[in-house]
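Dear colleague,

Please find below the structure that I am handing over to you, together with its sequence. My notes on it follow directly after.

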Amino acid sequence: MVVSNAHAHYMYTKALPNADLVVDDFGKPTPAIGHVNMYTGGGTTNQFGKDFKNHQKTWTVALCQLDSDGDGLSNGLELGALPESACSR
Ligand SMILES: [Ca+2]
């Protein structure tokens with residue numbers, strides 16, 4: 001079975017809080033948040049994609065509290081899973 005990139009992204013965004021609402025600085029949707037190319041996906045995964053895979057592609061407390069891109073904000077904070085205590089829900 002071949003899963004298209006678009007279908008795969010849909011499945012994964014449903015596994016993450018607000019992932020289907022993520023946009024770039026210009027308001028353009030970025031449905032492939034785990035990939036270097038966040039617009040179309042496929043190819044190389046970014047650090048968040050690697051961390052998501054390492055957590056069995058599941059939204060976990062640890063993944064929520066992790067700062068995959070190293071900008072000082074947790075993944076949960078960046079995806080709007082607020083307050084950060086929501087990571088444990
Ligand atoms: Ca971050």
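Helices (H or I, at least four residues) and strands (E, at least two) are taken here as DSSP runs, numbered from the N terminus. On that basis the protein reads α-α-α-α along its sequence, with 4 helices and 0 strands.

Two remarks on provenance apply throughout. The model is predicted, and local features need pLDDT of at least 70, side-chain atom pairs count only at pLDDT 80 or more, and totals for chains, interfaces and linings use all residues. Residues are numbered from 1 along each chain as its sequence is written.

Burial and contacts

A residue is called buried if 20 or more other C-beta atoms lie within 10 Å of its own, exposed if 12 or fewer, and partly exposed in between, with C-beta atoms placed from the backbone. Of the 89 residues in the protein, 25% are buried. Two residues are in contact if their C-beta atoms, placed from the backbone, lie within 7 Å. Among contacts between residues at least 6 apart in sequence, 23% join residues at least 24 apart.

The nonpolar core

A nonpolar core is a set of buried Ala, Val, Leu, Ile, Met, Phe, Trp, Tyr and Cys residues joined through C-beta atoms within 7 Å. The largest one has 13 residues, and those with the most contacts inside it are Leu 16, Ala 19, Ile 33 and Leu 63. Two or more residues of this core come from each of α2 (47-54) and α3 (61-65). Leaving aside residues up to four places away in sequence, Ile 33 touches Ala 19, Val 22, Met 38 and Phe 48.

Helix α2

The buried residues in α2 are Phe 48, Gly 49 and Phe 52. Viewed down the axis of α2, they fall within an arc of 100 degrees (taken over the directions from the helix axis to the C-beta atoms), so they line one face of the helix. Their cover includes α3 and α4 (75-78). On the face of α2 turned away from the buried side are the exposed residues Lys 53 and Asn 54.

Backbone points to check

Most residues other than glycine have a negative phi. Asn 18, which is not a glycine, has a positive phi of about 60 degrees. Asn 18 sits in the loop between α1 (5-13) and α2, and is exposed, with 12 other C-beta atoms within 10 Å. After α2 comes Gln 56, with a positive phi near 55 degrees. Lys 57 also has a positive phi, near 55 degrees; Lys 57 lies in the loop between α2 and α3 and is partly exposed, with 14 other C-beta atoms within 10 Å.

With kind regards
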